[in-house]
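Trainee: I have a model open and would like to learn to read it. Could you take me through it feature by feature?

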Amino acid sequence: MNVDVSTDCAARIEHHFGAILTELERMRASVAALFDDGPVTTDRLSAHIEADTLAFLQDPTLLGSGFVAAPDALSDRRLYLAWWQGAGRDFLGEAEVPATGEAIDYTRQPWFRTPERTGKLNIAGPYVDFICADEYVMTTTLPVYAGGRMAGVAGADTSVETLETMLLPGLRELGATLVNAHGRVVVSADPHRATGEMIGVPAEGGAERLLSVVRLADADGREQLESLAGWPA
Amino acid sequence: MANPRAISSRARSAIFAPIGDEGRAVRVENRLAEAIRSGVLADGDRLPSELELAQMLGVATVTAREALVSLRAQGLVVTTRGRGGGSFVRAPEPGDIVKGRLATMSRVELRDRASLYLVVLTGCAELAAERAAPDEVEDLRDLLIPLEEDDVGRWRDAESELYLSVAALTQSARLTREVVRQEADFGTLLRVPLSEPDFRQAAGERHRALVAALGSGDAAAARASVRDHVSHAVERLTEIHEGVRQ
């Protein structure tokens, strides 16, 4: 029997990130409805999303998830992360600079700023998150709007290690590399292409996709990136 | 050349050396002092009695007493007599915490900690220059505060966040966590000289040089600018240390 491994690898990416997107869209509708209902406090927000988020986090391939408020969107706190993470699914609440304990302004982090600017789904990373997860992660975020402005982002973290375990066998069969929208390596079949290295995006379709499965192809003696699959497809 | 066997047997004898009651009192004292300085034990909190403390920590009563005497001498604990009396936590002022740490630190220890900090942070700068994308370096510019700013707290927080961000750009979670440890351990001391306007100016220029080096992918220049800054800060800190110790 012939198994189409490129489909298999693409299917695993779709299975993981598709599930995240479904959950973030559900959270977006739920949180937007809460904001449309009147002023929202930190306690109300957390109570509103806790059960569903913890149910979503039953999936062990996820590192954390929740809703991160835009500045002054909540009535009682300027910045807030209704976020659960880690093995114990611990609640975060506030982000601090780890060494000084000062409150950190997360609004300049790419996982917040990029969806704020584009209005679209975003995958940030691979990057070392020293504010929340303390891990090497990829963060998927979706902006949530209420009353004509962004109330915050719904998001989920996946550790890069989990993605390696999940996707490396399929990538090996293809001799391929998974890159992010900026052409940074997430996982590669080639042991010399380290995670975090920049190799670029394929000329066709690479820029619109948050993730691309690519392979180096020899075209007239010139190396070119060939796109095998992408997400969202 | 040192005999490796001799080193390992010396290391072994250090590990298995009896701890002794003298060492225990210092350990009890350090544990409580750390808890007070970090705010785990808050100002006005009542400490357990000597007897209770000894039982909880599994040491002799005389050891607990010795530790409390030393904490009183450091001004971290106040003891009152009579009804409602006991030992109470006295939280130090933030500035006193740093001065207190400096006062109890030898010059050798200061240099020892500074060396570890220097090696870790210069290494991070070098890797970050090789691995950072241009847009990531752009984000660091937000952490460069205007040279005329005179809020010392802002300078200290921004510098700490800048170094943590540089560590994160190595793409290594372990290295980043090590820098978090270094910042908590030595960062607060290293930032003491930022209270001086001239030092701040020079520091601000060195941080701008670091970000420029990262932006152009110049690993040697990035390493050199961190080394330059940490060395200057340590020199000044050593002078301040001398003043506190005298």
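The talk below goes through domains, a chain contact, a helix, a sheet and a single residue.

Trainee: What should I know before I start?

Mentor: This is a predicted model: local features need pLDDT of at least 70, side-chain atom pairs count only at pLDDT 80 or more, and totals for chains, interfaces and linings use all residues. Residues are numbered from 1 along each chain as its sequence is written, while chains are lettered from A and ligands numbered from 1 in the order in which they are written.

Trainee: Which domains does the assignment give for chain A?

Mentor: Domain bounds come from an automatic or database domain assignment. Here, domain 1 of chain A covers 5-160 and domain 2 covers 163-231. Their C-alpha centres lie 26 Å apart.

Trainee: How many residues does each domain bring to the contact?

Mentor: Two residues are in contact if their C-beta atoms, placed from the backbone, lie within 7 Å. Domain 1 of chain A gives 17 residues and domain 2 of chain A gives 19.

Trainee: Which elements of domain 1 of chain A supply at least two residues each?

Mentor: Elements are DSSP runs, numbered from the N terminus: helices (H or I) have at least four residues, strands (E) at least two. On this side they are helix H1 (5-36) and strand E4 (122-129) of chain A. The largest share, 10 residues, comes from H1(A).

Trainee: What kinds of residues make up that side of domain 1 of chain A?

Mentor: Ala, Val, Leu, Ile, Met, Phe, Trp, Tyr, Cys and Pro count as nonpolar, Asp, Glu, Lys and Arg as charged, and the others, Gly among them, as polar. That side of domain 1 of chain A divides into 9 nonpolar, 5 polar and 3 charged.

Trainee: Which residues are buried in helix H3 of chain A?

Mentor: A residue is buried if 20 or more other C-beta atoms lie within 10 Å of its own, exposed if 12 or fewer, and partly exposed in between; C-beta atoms are placed from the backbone. In H3 (residues 110-118) of chain A, the buried ones are A:Trp111, A:Phe112 and A:Pro115. They sit on the same side of H3(A), because they cover an arc of only 105° around the axis. That arc is taken from the directions from the helix axis to the C-beta atoms. On the other side of H3(A), A:Arg117 and A:Thr118 are exposed. Just after H3(A), A:Gly119 takes a positive phi of about 75°.

Trainee: In what order do the 4 strands of the open sheet in chain A come?

Mentor: Strands of a sheet pair through backbone hydrogen bonds, either parallel or antiparallel. Two strands count as paired if DSSP finds at least two bridges between them. Here the order is E8-E7-E9-E10 (chain A), with antiparallel pairing. Strand E8 (185-188) and strand E10 (222-231) of chain A are the edge strands, each pairing on one side only. Strand E9 (residues 211-219) of chain A is joined to E10(A) by 9 bridges. In E10(A), A:Gly230 is the bridge partner of A:Ser212.

Trainee: Is B:Ala224 buried, exposed or partly exposed, and why?

Mentor: B:Ala224 lies in helix H11 (residues 219-245) of chain B. B:Ala224 is partly exposed, because 18 other C-beta atoms lie within 10 Å.
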